[in-house]
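Please read it alongside the sequence and the model.

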Amino acid sequence: MKHLVLIPTFLIGATYATVAFALEKAPVQQSAVVEGADNFYKSDKVTVQKVTFKNQYNIQVAGNLFIPKTLDQNAKNPAIIVGHPMGAVKEQSANLYAQKLADQGFVTLSLDLSFWGESEGQPRNVVSPDIYAEDFSAAVDFLGTRLFVDRNRIGVLGICGSGSFVISAAKIDRRMKAIATVSMYDMGAASRNGLRHSTTLEQRKKAHGIIDEITDHKILTQIRRCG
């Protein structure tokens, strides 16, 4: 019996802003991007709780838990985890989708991936798909501890870049019973070839050459320090 239901979906109008990638170390705090991004649809049919939980890397992940006001908390209810686009935070399109789904009666959890938004992780805004995938499994762990959530009916929705992360997570986590993506894209191909294959072979070779030079320089620097 197949345990996953793959549901292709399409972008339905939610937009998001991107944030600059920065590798400097900084304290975890709500950034100006988060504060200015929470301007989407607000439902009066749900309550929202700020929650945190640890992933297996001991990184604290932050999320918003949306609960329908009419929910029977003495029963076991289906739940959906919602992941934000690459370069975004939960206050952007993840919250929008989470609230719209909560309006339909689902318990929903939008989360900041590790290194982003209100979640922990250093350096800030780092790209680490394996840790991102673990964040979704940790979110399943968290929802499984809620007495009003049915552990056998937890689904995951990945928006844009998160679409690839949730599929990676679902390949090894059978507790995710339904997977949906919104405007998913292949991050590996986009990195290699550019969006819509906009990067030429010559440009890719040049970029890889620069990366190789930086890597070689770092290795030589470490050898000199050790020597």
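## Salt bridges

Seven salt bridges are counted, a salt bridge being a side-chain nitrogen of Lys or Arg within 4 Å of a carboxyl oxygen of Asp or Glu. The model is a predicted one, in which local features need pLDDT of at least 70 and side-chain atom pairs count only at pLDDT 80 or more, while totals for chains, interfaces and linings use all residues. Residues are numbered from 1 along each chain as its sequence is written, and side-chain values use heavy atoms, with hydrogens and water left out.

Side chains of opposite charge can pair when their charged atoms come close. Lysine 90 forms a salt bridge with glutamate 91 at 3.1 Å, N to O. Lysine 90 has a relative accessible area of 0% and is therefore buried, where buried means under 20% relative accessible area, exposed over 50% and partly exposed in between (1.4 Å probe, protein chains only). Glutamate 91, at 4% relative accessibility, is buried too.

Lysine 90 also forms a salt bridge with aspartate 112, at 2.6 Å, N to O. This pair links distant parts of the chain, 22 residues apart: lysine 90 is in the loop between β4 (77-83) and α2 (93-103), and aspartate 112 is in the loop between β5 (107-111) and α3. Helices (H or I, at least four residues) and strands (E, at least two) are DSSP runs, numbered from the N terminus. Both lysine 90 and aspartate 112 are buried.

## A partly exposed pair and a network

Arginine 175 and aspartate 141 meet in a salt bridge of 2.5 Å, N to O. Arginine 175 lies in the loop between α4 and β7 (176-182) and aspartate 141 lies in helix α3, so the pair ties together parts 34 residues apart in sequence. Arginine 175 is partly exposed, at 33% relative accessibility, and aspartate 141 is partly exposed, with a relative accessible area of 40%. Elsewhere, salt bridges that share partners join Lys50, Lys90, Glu91, Asp112 and Glu118 into one network.

## Helix α2

Nine of the 11 residues of α2 are buried, and the helix is mostly covered. Among the buried residues are Leu96, Tyr97, Gln99 and Asp103. The buried residues of α2 pack against β2 (46-54), β3 (60-68), β4, β5, β6 (149-159) and β7, with contact taken as heavy atoms within 4.5 Å. Glycine 105 follows α2 and has a positive phi, near 105°.

## Packing of α3 and α4

Two packed helices are described by the angle between their axes and the distance between the axes. Helix α3 (residues 129-144) packs on helix α4 (residues 161-172) at an angle of about 70°, and their axes are 8 Å apart. Axes are lines fitted to C-alpha atoms, for helices over the stretch in contact, and angles run from 0 to 180 degrees between N-to-C directions. The two helices are therefore roughly perpendicular (under 35 degrees counts as roughly parallel, over 145 as roughly antiparallel, 65 to 115 as roughly perpendicular and the rest as oblique).

The contact is made by Pro129, Tyr132, Ala133 and Phe136 of α3 with Ser162, Phe165, Val166, Ser168 and Ala169 of α4.

## Overall fold

The protein has six helices and seven strands, in the order β-α-β-β-β-α-β-α-β-α-β-α-α along the sequence. Of its 227 residues, 45% count as buried.
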